[in-house]
Amino acid sequence: MKTLPEKIKTNYERVLDEIERASKASRYSTRGVKLVVVTKAQPVEVMSAAYAAGVRIFGENYPEETEAKIAALGSMPDATWHMIGHLQGRKAKIVAKSFDMMHSMDSLELAQKLNDRLLHVNRRIPVLLEVNIGGESSKFGFEASDPEKWINLVDTFQQISCFSNLEICGLMTMPPIYEEKERSRPFFVQMRLLQRFLRTHLPAICWDELSMGTSLDYTVAVEEGATYVRVGTAIVGERPR
Ligand SMILES: *Cc1c(COP(=O)(O)O)cnc(C)c1O
(Lines give C-alpha, C1' and ligand atoms only; values in the text may rest on other atoms or scores of the structure.)
Protein backbone atom coordinates (compact mmCIF):
# COMPACT_ATOMS: atom_id res chain seq x y z
CA MET A 1 0.00 0.00 0.00
CA LYS A 2 1.15 3.52 -0.76
CA THR A 3 2.09 5.91 2.04
CA LEU A 4 0.39 9.30 2.25
CA PRO A 5 3.41 11.17 0.81
CA GLU A 6 3.51 8.72 -2.11
CA LYS A 7 -0.20 9.18 -2.77
CA ILE A 8 0.13 12.96 -2.69
CA LYS A 9 3.10 12.85 -5.07
CA THR A 10 1.25 10.60 -7.52
CA ASN A 11 -1.85 12.80 -7.39
CA TYR A 12 0.16 16.00 -7.80
CA GLU A 13 1.97 14.66 -10.85
CA ARG A 14 -1.27 13.38 -12.37
CA VAL A 15 -2.95 16.78 -11.94
CA LEU A 16 0.07 18.53 -13.48
CA ASP A 17 -0.12 16.13 -16.46
CA GLU A 18 -3.81 16.79 -16.92
CA ILE A 19 -3.27 20.53 -16.73
CA GLU A 20 -0.63 20.26 -19.43
CA ARG A 21 -2.91 18.18 -21.63
CA ALA A 22 -5.82 20.62 -21.19
CA SER A 23 -3.57 23.57 -21.83
CA LYS A 24 -2.38 22.06 -25.13
CA ALA A 25 -6.01 21.54 -26.13
CA SER A 26 -6.86 25.15 -25.32
CA ARG A 27 -6.86 28.09 -27.68
CA TYR A 28 -6.15 30.48 -24.82
CA SER A 29 -3.31 29.39 -22.57
CA THR A 30 -0.09 30.82 -23.88
CA ARG A 31 1.80 30.68 -20.61
CA GLY A 32 2.21 28.07 -17.91
CA VAL A 33 -0.88 27.47 -15.81
CA LYS A 34 -0.08 27.72 -12.10
CA LEU A 35 -1.37 25.04 -9.75
CA VAL A 36 -2.45 26.22 -6.30
CA VAL A 37 -2.65 23.20 -4.00
CA VAL A 38 -5.42 23.85 -1.49
CA THR A 39 -4.43 22.70 2.00
CA LYS A 40 -7.07 24.45 4.11
CA ALA A 41 -8.01 22.34 7.15
CA GLN A 42 -5.20 19.91 6.35
CA PRO A 43 -2.56 19.11 8.99
CA VAL A 44 1.10 20.04 8.65
CA GLU A 45 2.06 16.44 7.77
CA VAL A 46 0.01 16.74 4.60
CA MET A 47 1.66 20.05 3.78
CA SER A 48 5.18 18.71 4.32
CA ALA A 49 4.36 15.79 2.06
CA ALA A 50 3.03 18.16 -0.59
CA TYR A 51 6.17 20.27 -0.33
CA ALA A 52 8.34 17.17 -0.70
CA ALA A 53 6.34 16.27 -3.80
CA GLY A 54 7.27 19.63 -5.32
CA VAL A 55 4.32 21.85 -4.36
CA ARG A 56 5.33 25.49 -3.95
CA ILE A 57 1.97 27.31 -4.05
CA PHE A 58 -0.31 26.59 -1.09
CA GLY A 59 -3.92 27.78 -1.07
CA GLU A 60 -5.41 28.54 2.33
CA ASN A 61 -8.72 29.98 3.60
CA TYR A 62 -8.30 30.65 7.31
CA PRO A 63 -5.47 33.10 8.10
CA GLU A 64 -5.04 32.14 11.77
CA GLU A 65 -4.83 28.47 10.88
CA THR A 66 -2.30 29.24 8.16
CA GLU A 67 -0.13 31.33 10.44
CA ALA A 68 0.00 28.54 13.01
CA LYS A 69 0.87 25.98 10.35
CA ILE A 70 3.60 28.15 8.83
CA ALA A 71 5.18 28.45 12.30
CA ALA A 72 4.93 24.70 12.88
CA LEU A 73 6.29 23.74 9.46
CA GLY A 74 9.71 25.27 9.81
CA SER A 75 11.80 26.12 6.80
CA MET A 76 10.22 25.51 3.39
CA PRO A 77 12.29 27.59 0.96
CA ASP A 78 10.30 29.01 -1.98
CA ALA A 79 6.92 28.00 -0.53
CA THR A 80 4.29 30.66 -1.22
CA TRP A 81 0.96 31.25 0.48
CA HIS A 82 -2.17 32.25 -1.41
CA MET A 83 -5.32 33.41 0.38
CA ILE A 84 -8.30 32.00 -1.52
CA GLY A 85 -11.22 32.30 0.91
CA HIS A 86 -13.38 35.16 2.13
CA LEU A 87 -11.31 37.41 4.39
CA GLN A 88 -12.77 39.23 7.37
CA GLY A 89 -11.37 42.74 7.66
CA ARG A 90 -10.00 42.20 11.13
CA LYS A 91 -7.78 39.41 9.80
CA ALA A 92 -6.30 41.50 7.00
CA LYS A 93 -3.27 42.05 9.19
CA ILE A 94 -2.33 38.37 9.00
CA VAL A 95 -2.65 38.30 5.23
CA ALA A 96 -0.55 41.45 4.94
CA LYS A 97 2.18 39.86 6.98
CA SER A 98 2.19 36.22 5.91
CA PHE A 99 0.61 35.78 2.47
CA ASP A 100 2.10 36.24 -0.99
CA MET A 101 -1.08 36.67 -3.00
CA MET A 102 -4.76 37.36 -2.41
CA HIS A 103 -7.27 35.63 -4.74
CA SER A 104 -10.43 36.61 -2.91
CA MET A 105 -10.66 40.40 -2.83
CA ASP A 106 -14.42 40.87 -2.67
CA SER A 107 -15.19 44.42 -1.51
CA LEU A 108 -13.93 47.97 -1.59
CA GLU A 109 -13.87 48.08 2.23
CA LEU A 110 -11.66 45.00 2.41
CA ALA A 111 -9.33 46.46 -0.23
CA GLN A 112 -8.96 49.58 1.90
CA LYS A 113 -8.22 47.51 5.03
CA LEU A 114 -5.71 45.21 3.38
CA ASN A 115 -3.98 48.15 1.73
CA ASP A 116 -3.64 49.90 5.11
CA ARG A 117 -2.14 46.78 6.64
CA LEU A 118 0.26 46.31 3.75
CA LEU A 119 1.41 49.90 4.10
CA HIS A 120 2.21 49.17 7.76
CA VAL A 121 4.50 46.28 6.88
CA ASN A 122 5.79 47.91 3.71
CA ARG A 123 4.66 45.12 1.38
CA ARG A 124 2.83 45.08 -1.95
CA ILE A 125 1.12 41.87 -3.07
CA PRO A 126 -0.71 40.67 -6.21
CA VAL A 127 -4.49 40.66 -5.82
CA LEU A 128 -7.31 39.12 -7.83
CA LEU A 129 -10.83 40.53 -7.71
CA GLU A 130 -13.36 37.83 -6.87
CA VAL A 131 -16.53 37.90 -8.92
CA ASN A 132 -19.76 36.02 -8.33
CA ILE A 133 -20.41 34.88 -11.87
CA GLY A 134 -23.13 32.36 -10.97
CA GLY A 135 -25.18 34.83 -8.93
CA GLU A 136 -25.60 32.48 -5.95
CA SER A 137 -26.45 34.38 -2.77
CA SER A 138 -24.26 31.99 -0.76
CA LYS A 139 -21.13 33.05 -2.63
CA PHE A 140 -18.84 35.98 -2.01
CA GLY A 141 -17.50 38.24 -4.73
CA PHE A 142 -18.61 41.22 -6.75
CA GLU A 143 -21.97 40.42 -8.31
CA ALA A 144 -21.28 39.70 -11.99
CA SER A 145 -23.95 37.28 -13.14
CA ASP A 146 -25.62 39.77 -15.49
CA PRO A 147 -23.41 41.13 -18.32
CA GLU A 148 -25.82 44.06 -18.71
CA LYS A 149 -24.68 45.23 -15.28
CA TRP A 150 -20.93 44.72 -15.69
CA ILE A 151 -20.59 48.43 -16.30
CA ASN A 152 -21.51 48.97 -12.63
CA LEU A 153 -18.27 47.25 -11.59
CA VAL A 154 -16.03 49.69 -13.39
CA ASP A 155 -16.09 52.50 -10.84
CA THR A 156 -15.39 50.23 -7.86
CA PHE A 157 -12.58 48.37 -9.63
CA GLN A 158 -11.08 51.70 -10.64
CA GLN A 159 -11.08 52.77 -6.99
CA ILE A 160 -9.45 49.53 -5.86
CA SER A 161 -6.76 49.96 -8.49
CA CYS A 162 -5.74 53.21 -6.81
CA PHE A 163 -4.59 51.49 -3.61
CA SER A 164 -0.82 51.71 -3.77
CA ASN A 165 0.02 48.37 -2.14
CA LEU A 166 -2.43 46.15 -4.01
CA GLU A 167 -1.28 44.98 -7.41
CA ILE A 168 -4.43 43.98 -9.30
CA CYS A 169 -3.62 41.29 -11.83
CA GLY A 170 -6.91 39.64 -12.74
CA LEU A 171 -10.07 37.87 -11.61
CA MET A 172 -11.08 34.90 -9.48
CA THR A 173 -14.37 33.00 -9.28
CA MET A 174 -16.04 30.10 -7.53
CA PRO A 175 -19.00 29.09 -9.76
CA PRO A 176 -21.85 26.82 -8.64
CA ILE A 177 -20.59 23.31 -7.90
CA TYR A 178 -21.71 20.45 -10.13
CA GLU A 179 -20.45 16.89 -10.22
CA GLU A 180 -20.51 17.06 -14.02
CA LYS A 181 -17.56 19.25 -14.99
CA GLU A 182 -18.98 20.34 -18.35
CA ARG A 183 -21.63 22.30 -16.47
CA SER A 184 -18.91 24.66 -15.25
CA ARG A 185 -17.82 25.58 -18.77
CA PRO A 186 -20.39 28.36 -19.40
CA PHE A 187 -19.25 30.15 -16.22
CA PHE A 188 -15.61 29.98 -17.28
CA VAL A 189 -16.55 31.32 -20.71
CA GLN A 190 -18.33 34.23 -18.98
CA MET A 191 -15.17 34.96 -17.02
CA ARG A 192 -13.23 35.36 -20.24
CA LEU A 193 -15.89 37.69 -21.59
CA LEU A 194 -15.79 39.72 -18.38
CA GLN A 195 -12.01 39.87 -18.67
CA ARG A 196 -12.36 41.23 -22.21
CA PHE A 197 -14.94 43.77 -21.04
CA LEU A 198 -12.64 45.01 -18.27
CA ARG A 199 -9.68 45.24 -20.64
CA THR A 200 -11.78 47.55 -22.77
CA HIS A 201 -13.18 49.68 -19.95
CA LEU A 202 -10.18 49.73 -17.60
CA PRO A 203 -7.20 49.30 -19.92
CA ALA A 204 -4.69 50.69 -17.43
CA ILE A 205 -5.26 47.71 -15.11
CA CYS A 206 -3.76 44.27 -15.76
CA TRP A 207 -6.47 41.60 -16.17
CA ASP A 208 -4.23 38.76 -17.34
CA GLU A 209 -4.75 36.28 -14.54
CA LEU A 210 -7.87 34.11 -14.22
CA SER A 211 -8.10 31.97 -11.08
CA MET A 212 -10.81 29.38 -11.66
CA GLY A 213 -11.38 25.63 -11.46
CA THR A 214 -11.22 23.21 -8.49
CA SER A 215 -10.79 19.43 -8.16
CA LEU A 216 -14.01 18.80 -10.05
CA ASP A 217 -13.51 21.02 -13.08
CA TYR A 218 -9.93 22.30 -13.36
CA THR A 219 -9.35 20.72 -16.78
CA VAL A 220 -12.36 22.57 -18.21
CA ALA A 221 -11.15 25.78 -16.56
CA VAL A 222 -7.74 25.42 -18.21
CA GLU A 223 -9.35 24.77 -21.58
CA GLU A 224 -11.23 28.03 -21.12
CA GLY A 225 -8.17 30.08 -20.21
CA ALA A 226 -7.51 29.70 -16.47
CA THR A 227 -4.01 30.80 -15.45
CA TYR A 228 -4.43 29.62 -11.85
CA VAL A 229 -6.36 26.52 -10.80
CA ARG A 230 -7.06 25.76 -7.14
CA VAL A 231 -7.06 22.03 -6.45
CA GLY A 232 -7.37 20.48 -2.99
CA THR A 233 -9.17 17.16 -2.64
CA ALA A 234 -7.86 15.63 -5.89
CA ILE A 235 -4.28 16.02 -4.63
CA VAL A 236 -4.27 15.89 -0.82
CA GLY A 237 -7.51 13.93 -0.28
CA GLU A 238 -10.64 14.77 1.66
CA ARG A 239 -10.40 17.46 4.31
CA PRO A 240 -10.54 16.14 7.87
CA ARG A 241 -13.61 17.30 9.79
C1 LIG B 1 -11.62 24.65 -0.89
C2 LIG B 1 -11.46 25.52 -2.07
C3 LIG B 1 -10.93 25.03 -3.27
C4 LIG B 1 -10.50 23.59 -3.49
O5 LIG B 1 -11.58 22.71 -3.50
P6 LIG B 1 -11.37 21.16 -3.83
O7 LIG B 1 -12.73 20.70 -4.19
O8 LIG B 1 -10.83 20.52 -2.60
O9 LIG B 1 -10.40 21.07 -4.96
C10 LIG B 1 -10.75 25.94 -4.31
N11 LIG B 1 -11.11 27.23 -4.20
C12 LIG B 1 -11.64 27.73 -3.07
C13 LIG B 1 -12.02 29.16 -3.01
C14 LIG B 1 -11.85 26.90 -1.99
O15 LIG B 1 -12.38 27.40 -0.86
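Author: Begin with helix packing. An axis is a line fitted to C-alpha atoms, for helices over the stretch in contact, and the angle is taken between N-to-C directions. Keep in mind that this is a predicted model.

Reader: At what angle do helix α1 and helix α2 pack?

Author: Helix α1 (residues 4-25) packs against helix α2 (residues 44-53) at about 50°, and their axes are 9 Å apart. That angle makes α1 oblique to α2. Their crossing is right-handed.

Reader: Which residues of α1 and α2 make the contact?

Author: From α1 come L4, P5, I8, K9 and Y12, and from α2 come V46, A49, A50 and A53. Eight of the contact residues are nonpolar, one is charged and none is polar.

Reader: How many salt bridges does a search of the whole structure find?

Author: A salt bridge needs a side-chain nitrogen of Lys or Arg within 4 Å of a carboxyl oxygen of Asp or Glu. The search finds 15. In one of them, E64 meets K91 at 3.2 Å, N to O. E64 lies in helix α3 (residues 63-73) and K91 in the loop between β3 (80-83) and α4 (92-98), so this pair ties together parts 27 residues apart in sequence.

Reader: Is K91 buried or exposed?

Author: K91 is buried, with a relative accessible area of 14%, while E64 is partly exposed at 43%.

Reader: How far apart are the closest N and O atoms of E65 and K69?

Author: They are 2.6 Å apart, in a salt bridge. E65 and K69 are four residues apart in helix α3, or about one helical turn. K69 counts as buried at 7% relative accessibility, and E65 as partly exposed at 25%.

Conventions. Residues are numbered from 1 along each chain as its sequence is written. This is a predicted model: local features need pLDDT of at least 70, side-chain atom pairs count only at pLDDT 80 or more; totals for chains, interfaces and linings use all residues. Side-chain values use heavy atoms; hydrogens and water are left out. Axes are lines fitted to C-alpha atoms, for helices over the stretch in contact, and angles run from 0 to 180 degrees between N-to-C directions. Helices (H or I, at least four residues) and strands (E, at least two) are DSSP runs, numbered from the N terminus. Angles under 35 degrees count as roughly parallel, over 145 as roughly antiparallel, 65 to 115 as roughly perpendicular and the rest as oblique. A crossing is left-handed if the near helix is turned anticlockwise from the far one by less than a right angle, and right-handed if clockwise. Contact means heavy atoms within 4.5 Å. Ala, Val, Leu, Ile, Met, Phe, Trp, Tyr, Cys and Pro count as nonpolar, Asp, Glu, Lys and Arg as charged, and the others, Gly among them, as polar. Buried means under 20% relative accessible area, exposed over 50%, partly exposed in between (1.4 Å probe, protein chains only).
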